[in-house]
Amino acid sequence: MALPPVLRDRLRLPVIGSPLFIISGPDLVIAQCKAGIVGSFPALNARPASLLDEWLHRITEELAAWDRDNPDRPSAPFAVNHIVHKTNDRLEHDLEMSTKWKAPVVITSLGAREDVNAAVHSYGGVVLHDVINDRFARKAVEKGADGLITVAAGAGGHAGKLSPFALVQEVREWFDGPIALSGSIANGRAILGAQAMGADLAYIGSAFIATQEANAEAEYKAMIVQSSADDIVYSNLFTGVHGNYLAPSIRAAGMDPDNLPESDPSRMNFGSGGNQKSKAWRDIWGCGQGIGAIKDVPSAADLVARLAEEYEEAKAELAEKTSFTAGRALLAAE
């Protein structure tokens, strides 16, 4: 099935900038959309809750102004991420706000609900649900999700355990709708690789933490630039859900990243109420395994431009290899 028009006609690159807890705000989202990729943010980043209305107003108005001034290169759509888990006591309010402003794309996480999907569909929005395995993918589609974000091993923040090859392969066997792939994607070659595996879009987060518009501390950005895949730790201690985190940030908090205890998954914590535990983990920094490709802290526009250049170079290299292989096969046949 082809991508819906909102994800097909206005993208410079087949990329969604993933919603980053605390880090994604209007500055980053607007910069990403102007650069030609989907910019997204967690609704819970707007605190207090009343701030969400202001954020959505600003994003909508600034992108509309950009489109009027740049009809030859209109902005990409923006997306709002809602945590659907029962621990999120803001869901009803936040969904009301994203519906009010007709968010073109809504990303749902940690639970799939028909009423949430119906609210987004009521104004023509598209729902993408993130999943870590085939079972959750089937549930999401059954409850009305339009597309899936397959979160594979190596993704930053809350991540799955499956290889991206295995995860996309299983889902694509039965689902012909939009699929975005998340997991260690930080350059243009990886974007093309995601499409070769069967995904339509790449879902990129960690690379955008180390951009000028990201609401991350300078030390966080520097740590990403200085680190590699070996510095990533997979743990459920901090929220109750397994995710990937920077080992140096765990050490800085006085813990041994090689000997972390397990958390009780039934006591998930995403900081929606600003409680003490969420503050305690504030300096434990999430990141994916693809950070070896991150060497500096550019603007979001410059990062997208680099990704686009690498993507085109990768396509050209692949075409050359394919042509060479086909030529050898033709000669052998003769």
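Gly240 sits in the loop between strand E10, residues 232-235, and strand E11, residues 243-246. Before going on, a reminder that this is a predicted model. Is Gly240 buried or exposed? Its relative accessibility is 6%, and because the cut-off for buried is under 20%, Gly240 counts as buried. For a sense of distance, take Gly240 and Arg138: they are 102 residues apart along the chain, and their C-alpha atoms are separated by 23 Å.

Now the overall picture. The protein has 13 helices and eleven strands. Its radius of gyration is 20 Å, close to the 20 Å that the globule rule gives for 334 residues, so the protein is as compact as a globular protein of that length. Along the principal axes, the C-alpha atoms fill a box of roughly 75 × 50 × 40 Å. Of the 334 residues, 51% count as buried. The protein exposes about 15,200 Å², and carbon and sulfur atoms supply 52% of that area.

On contacts: take those in the protein with a separation of 6 or more, and residues 24 or more positions apart account for 65% of them. On charge: there are 31 positive and 42 negative side chains, and the centres of the two sets lie 3 Å apart.

Next, the interior. In soluble globular proteins, nonpolar side chains tend to be buried together. Here the largest nonpolar core has 51 residues. Which residues have the most contacts inside it? They are Leu13, Ile191, Ile204, Phe208, Tyr220, Ile224 and Leu246. Helix H13, residues 300-333, gives the most to this core, with seven residues. Apart from it lies another core, of 24 residues, including Val29, Leu56, Ile59 and Ala119.

Setting aside neighbours within four places in sequence, Leu246 is in contact with Tyr220, Met223, Ile224, Ser227, Asp231, Ile232, Trp285, Cys287 and Ile291. Two of these partners, Tyr220 and Ile224, are also on the list of residues with the most contacts inside that core.

Thr211 is another interior position. Its place is in the loop between helix H9, residues 206-209, and helix H10, residues 218-226. The relative accessible area of Thr211 is 0%, so this residue is buried. What is Thr211 in contact with, leaving aside its neighbours within four places in sequence? The partners are Leu28, Lys221, Val297, Pro298, Ser299, Ala300 and Leu303.

Last, the backbone. Most residues other than glycine have a negative phi, and most peptide bonds are trans.

The peptide bond that joins Arg47 and Pro48 is cis, with omega about 5 degrees. Pro48 lies in the loop between strand E2, residues 39-42, and helix H3, residues 51-69.

Ile22 has a positive phi, near 75 degrees. Ile22 belongs to the loop between strand E1, residues 15-17, and helix H2, residues 26-35. With 39% relative accessibility, Ile22 counts as partly exposed.

Ser184 has a positive phi too, near 65 degrees. Ser184 is found in the loop between strand E8, residues 179-182, and helix H8, residues 188-197. At 32% relative accessibility, Ser184 counts as partly exposed.

Terms used. Residues are numbered from 1 along each chain as its sequence is written. This is a predicted model: local features need pLDDT of at least 70, side-chain atom pairs count only at pLDDT 80 or more; totals for chains, interfaces and linings use all residues. Side-chain values use heavy atoms; hydrogens and water are left out. A nonpolar core is a set of buried Ala, Val, Leu, Ile, Met, Phe, Trp, Tyr and Cys residues joined through side-chain atoms within 4.5 Å. Buried means under 20% relative accessible area, exposed over 50%, partly exposed in between (1.4 Å probe, protein chains only). Helices (H or I, at least four residues) and strands (E, at least two) are DSSP runs, numbered from the N terminus. Contact means heavy atoms within 4.5 Å. The radius of gyration is taken over C-alpha atoms; the globule rule is 2.2 Å times the number of residues to the power 0.38. Accessible areas come from the Shrake-Rupley method with a 1.4 Å probe; for residues, only the protein chains shown count as cover. Lys and Arg count as positive and Asp and Glu as negative; His and the chain ends are not counted. The place of a charge is taken as NZ of Lys, CZ of Arg, CG of Asp or CD of Glu.
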